[in-house]
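Have the sequence and the 3D view side by side.

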Amino acid sequence: MTQPTAKSQKIIIDPVTRIEGHLRVEVEVDENNQVTEAWASGQLFRGIETILKGRDPRDTGLIAQRICGVCTNSHYRASISSVEDAYQIQIPKNAEIVRNLVSLALFVQDHLVHYYHLHSLDYVDVVSALSADCEKASQIAHQWHDQPYQCSQGDLKAVQQKLADFVAAGRLGLFANGYWGHAQYKLSPEENLIHMNHYLEALRVQRDVSRAIAIFGGKTPHPQNLVVGGVTSVMDMLNPQRLNDYLFVIKDTQAFVKRAYLPDMKMVVAAYGDQIKAGEGRGHGNFMSSGGYAFADGEPLFASGVIWGHDFDQMAEFDERHITEEASRSWYQDAGPTSPYEETTEPDYTDLNADGSLKTEGKYSWIKSPRYQGKPMEVGPAARMIIGYQQNARYIQPYMQQFMETTGMTLLDFSSTIGRNAARAVEAEVVGDMIFKFVSKLIENIKYYDETTWTKYVFEDLPKQTQGRAILEVPRGTLSHFVCIDEAKVSNYQAVVPTTWNASPKDAQGVRGPYEEAIVGLTLADPQQPLEVLRAVHSFDPCLACAVHVMDAKGQPLAEYRVPAMGGVC
Amino acid sequence: MLKAPVQTAVIGVGNILFCDDGLGVYASQVLAKNYDFSPAVDVLDGGTLGMNLLSYFQRYERVIVLDAISVSDDSPPGTVYSMPATALQAMGAYRQTAHEVEVLQTLEMGALAGGMADIQIVAMVPEDIESVKMGLTDSVETHLPNLIESILQQLAQWSITATPKPSPHALTQVVRGYQTLSTVNESTF
């Protein structure tokens with residue numbers, strides 16, 4: 001481990017903003033402002049597993065979906081599927097398709113929200129957009145697409161005015177985390193305006209997608225459409241009008257993806273070509289995908305596979321038995337690398353140093369270290385797109401090919417800060433297009449009078465002692481839930497989530513997690529504004545949103561809104 | 001898209017897995033189980049949905065958001081605050097926290113996007129939002145009727161009358177309902 005030397009200095013970023021949840025990053029930089037070591041630390045106890053112990057296995061889905069407000073459906077589905085696996089319940093085709101329609105719509109929504117609302121301000125200077133020439137901006141937009149989304153001169157003028165009003169009203173708080181004026185902001189005022197225009201449009205588009213998802217997910221905000229054995233949305237599924245509503249939204253969303261998201265991404269790729277070619281934000285090059293989302297002919301949308309150290313031509317098979325977790329550097333009791341079925345979640349908090357910094361020689365994170373064959377793995381869109389391309393996956397290969405041809409990016413380039421974002425944009429397009437294929441499959445299936453959506457079972461007759469798991473690709477990467485059942489109750493539960501893979505701390509061998517590896521080697525233009533580190537971390541789409549949700553109004557004079565106590569209490 | 005026929009919603013937000021953080025969710029269900037409203041009100045469990053709440057903020061004319069609130073004065077746990085969202089937004093209440101895409105940010109993004117409901121925040125100071133535990137602390141549970149009363153007062157200001165249902169549900173029943181869900185979910189068939 002690197003010891004601080006007289007010349008090195010430590011930079012602490014806490015919290016890393018504009019992500020879901022609470023993450024702290026500490027880095028050491030040398031006299032040339034190059035990062036020599038990094039520590040990523042999850043700052044909130046994830047004890048969700050413990051709350052599931054002792055419960056009825058049919059309840060786990062509705063509880064597990066509360067783990068996260070962003071990945072609600074992913075956890076819901078993984079949890080239900082793991083219980084189905086434990087009981088060997090095969091769900092009907094229709095149920096599988098409906099589950100896929102919800103999951104895939106979430107890929108598109110998540111990627112849009114990640115890029116525009118959680119990440120783009122690392123590249124887009126809002127203040128600069130105010131000085132853009134709208135006529136010029138419209139012309140530039142047309143250079144990146146024949147029919148750019150909402151980019152007439154008038155459209156852009158209206159957005160610029162809206163932003164100006166917002167800024168004039170002193171309401172820039174929403175964007176307050178940008179390091180504006182930083183030397184690493186490379187887009188022109190016009191390019192910034194085009195991005196901000198799409199930032200606003202994406203707000204509407206993502207809202208419409210969540211309404212489309214609700215068509216299959218039920219009426220209330222929290223979905224209740226999945227149950228062990230199938231789905232409950234029978235009536236909606238068979239209603240052509242509802243299917244049409246769903247498709248209408250997806251069609252509009254795809255127009256946005258193709259005419260806004262991808263062109264904007266190409267614009268950023270062009271502006272940061274040097275950074276991409278220099279491999280900024282490159283990790284170990286260990287990529288993993290579990291594949292999945294099969295079509296009727298058995299061909300999966302995502303290919304499965306494992307790549308080691310950027311050796312793209314040596315594709316290994318993905319085998320879930322190689323997944324372990326350890327807690328040597330995490331604030332839990334550690335029994336060495338353990339199968340998730342046998343793992344425990346017993347806190348062993350060793351605190352921070354007296355000055356509030358991480359104890360970097362010991363335990364320093366609430367995130368565990370998942371490993372595959374003992375190695376850290378990067379999961380997510382970059383892994384899926386690289387593996388899909390190399391495996392010649394029928395539905396991914398052509399999209400990647402086209403993107404690489406138009407941008408000049410190579411496969412290795414996707415293993416970088418910008419590359420991860422580019423892979424995510426390509427994936428949004430692939431997945432959105434494939435939704436139409438899944439819908440025709442559903443309609444076809446229903447035509448043959450297969451209206452089954454639930455596999456009947458008698459709970460009392462199911463085995464009292466069993467175990468199961470679900471491993472599925474979700475927007476941020478590979479998600480797996482493991483459940484052990486004893487006396488018909490949950491006896492152990494573990495969720496190994498995408499952010500755990502990517503944000504993992506070091507392991508007993510001192511090998512860095514993917515975030516840490518991506519950060520080491522970065523050169524900071526200004527150590528006081530470590531924008532390069534934020535970009536690298538954000539490129540993974542971090543989600544640690546098992547966080548609490550309290551509305552934070554500290555420092556605000558709120559006394560006048562205090563409600564006097566009423567009634568006969570206290 | 002069209003506005004929903006029901007023009008008013010009460011949305012409870014928070015994470016029921018973290019003790020008092022779920023107070024808004026529990027309060028919403030206490031309200032739904034114990035009152036009928038005229039004109040109708042949609043009472044929703046908004047849980048941890050964050051940015052997905054935007055859809056609901058734009059669909060209704062009026063929305064009450066129920067949440068836990070963290071304030072810096074000496075208000076003890078159980079203290080209730082009721083304020084228009086615009087009042088809180090005008091203060092620029094954005095700390096640089098990692099709870100970035102939370103209710104306040106969603107409100108602000110909504111303001112930028114336009115078409116937002118008239119939103120009132122009715123919130124309570126929690127005692128424990130760290131324990132991984134379903135259920136509320138005594139101080140929050142004891143004061144929950146004050147929160148309910150504040151909601152009813154706000155609804156009254158919007159000329160909505162609340163009539164108690166014949167057989168009341170206690171908070172403990174609502175909390176238990178979230179802990180034993182399987183019976184509920186099978187009855188949905």
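Predicted model: local features only at pLDDT ≥ 70, side-chain atom pairs only at ≥ 80, totals over all residues.

Residues are numbered from 1 along each chain as its sequence is written, and chains are lettered from A and ligands numbered from 1 in the order in which they are written.

**Helices that pack**

Helices (H or I, at least four residues) and strands (E, at least two) are DSSP runs, numbered from the N terminus. Two packed helices are described by the angle between their axes and the distance between the axes. Here axes are lines fitted to C-alpha atoms, for helices over the stretch in contact, and angles run from 0 to 180 degrees between N-to-C directions.

Start with helix H8 (residues 189-217) of chain A, whose axis comes within 10 Å of that of helix H4 (residues 103-113) of chain B, crossing at roughly 110°. That makes H8(A) roughly perpendicular to H4(B); angles of 65 to 115 degrees count as such, while those under 35 are roughly parallel, those over 145 roughly antiparallel and the rest oblique. On the H8(A) side the contact is made by A:Leu200, A:Leu203 and A:Arg204, and on the H4(B) side by B:Met109, B:Leu112 and B:Ala113. Two residues are in contact if their C-beta atoms, placed from the backbone, lie within 7 Å. By class, this contact has five nonpolar, no polar and one charged residues. In this scheme Ala, Val, Leu, Ile, Met, Phe, Trp, Tyr, Cys and Pro count as nonpolar, Asp, Glu, Lys and Arg as charged, and the others, Gly among them, as polar.

Within chain A, H8(A) also packs against helix H7 (residues 153-168), at an angle of about 80° and with the axes 10 Å apart. H7(A) and H8(A) are therefore roughly perpendicular to each other. A:Asp155, A:Leu156, A:Val159, A:Gln160 and A:Leu163 of H7(A) meet A:Leu193, A:Met196, A:Asn197 and A:Leu200 of H8(A). Those residues divide into six nonpolar, two polar and one charged.

**Strands and sheets of chain A**

Strands of a sheet pair through backbone hydrogen bonds, either parallel or antiparallel. Two strands pair if DSSP finds at least two bridges between them. An open sheet has the order S11-S12-S13 in chain A, with antiparallel pairing. Its edge strands are S11 (466-474) and S13 (489-496), each pairing on one side only. S11(A) and S12 (residues 477-486) share nine bridges, and A:Gly468 stands opposite A:Val483 in S12(A). Helix H3 (residues 72-87) lies across S11, S12 and S13 of chain A, running at about 145° to S11(A).

Elsewhere, strand S9 (residues 323-326) and strand S10 (residues 369-372) of chain A pair in the antiparallel sense over four bridges. A:Ile323 has A:Tyr372 as its bridge partner in S10(A). Where is A:Lys368 found? A:Lys368 is in the loop between S9 and S10 of chain A. A:Lys368 is buried, with 28 other C-beta atoms within 10 Å. A residue is buried if 20 or more other C-beta atoms lie within 10 Å of its own, exposed if 12 or fewer, and partly exposed in between, with C-beta atoms placed from the backbone. Among the residues that A:Lys368 touches are A:Glu325, A:Glu326 and A:Thr500.

**Chain B in brief**

Chain B comes to seven helices and seven strands. Buried residues make up 51% of its 189 residues.

Most residues other than glycine have a negative phi, and most peptide bonds are trans.

| Residue | Phi | Loop between |
|---|---|---|
| A:Gln88 | about 55° | H3 and helix H4 (93-119) of chain A |

A:Gln88 is exposed, with 11 other C-beta atoms within 10 Å, and A:Asn392 counts as exposed with 9 C-beta neighbours inside 10 Å. In chain B, the peptide bond from B:Ser38 to B:Pro39 is cis, with omega near -10°. B:Pro39 is found in the loop between strand S2 (35-38) and strand S3 (41-47) of chain B.

Conventions: Lists of a residue's contacts leave out its neighbours within four places in sequence.
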